[in-house]
Amino acid sequence: MSKVNGWKVFSIVLLVIVILESCLIVYSISSALAGEERELDCAVNICSGYDSYNFDWYSDMCYCFLDGEIVYQEFMLE
């Protein structure tokens, strides 16, 4: 029976952790960029003729305001 060196097990575990962390970072960045794109689409394409806008990231709703009141709202599909 052969002995397993502790550093080999440690390096394999560390490699798996680094790969998982990298995947999480890439997913977070891509998710944030997709949200920014939807918010920009809300501001430029949907609410361009209104005073202001609000994009709700949680529900993907775009709200357009005129004189402080919601006059138009649209659900943003991905």
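Which residue takes a positive phi in the hairpin of β2 and β3? Asp67 does, with a phi near 55°. Two residues lie between the strands of that hairpin.

## The model

This is a predicted model, in which local features need pLDDT of at least 70, side-chain atom pairs count only at pLDDT 80 or more, and totals for chains, interfaces and linings use all residues. Residues are numbered from 1 along each chain as its sequence is written, and side-chain values use heavy atoms, with hydrogens and water left out.

## Overall layout

The protein has one helix and three strands. Their order from the N terminus is α-β-β-β. The radius of gyration is 23 Å, well over the 12 Å that the globule rule gives for 78 residues, so the protein is more spread out than a compact globule. That radius is taken over C-alpha atoms, and the rule is 2.2 Å times the number of residues to the power 0.38. The C-alpha trace spans about 80 × 20 × 15 Å along its principal axes.

Helices (H or I, at least four residues) and strands (E, at least two) are DSSP runs, numbered from the N terminus.

## Surface and burial

Of the 78 residues, 18% count as buried. Buried means under 20% relative accessible area, exposed over 50%, and partly exposed in between (1.4 Å probe, protein chains only). The accessible surface comes to about 6400 Å². Carbon and sulfur atoms hold 63% of that surface. Areas come from the Shrake-Rupley method with a 1.4 Å probe; for residues, only the protein chains shown count as cover.

## The helix

Helix α1 covers residues 6-46 and includes Val13. Val13 is partly exposed, at a relative accessible area of 43%.

## The strands

Strand β1 (residues 52-56) pairs with strand β2 (residues 61-66) in the antiparallel sense, over five bridges. Two strands pair if DSSP finds at least two bridges between them. Ser52 has Phe65 of β2 as its bridge partner. For Asn54, the partner in β2 is Tyr63.

β2 is mostly covered, with five of its six residues buried.
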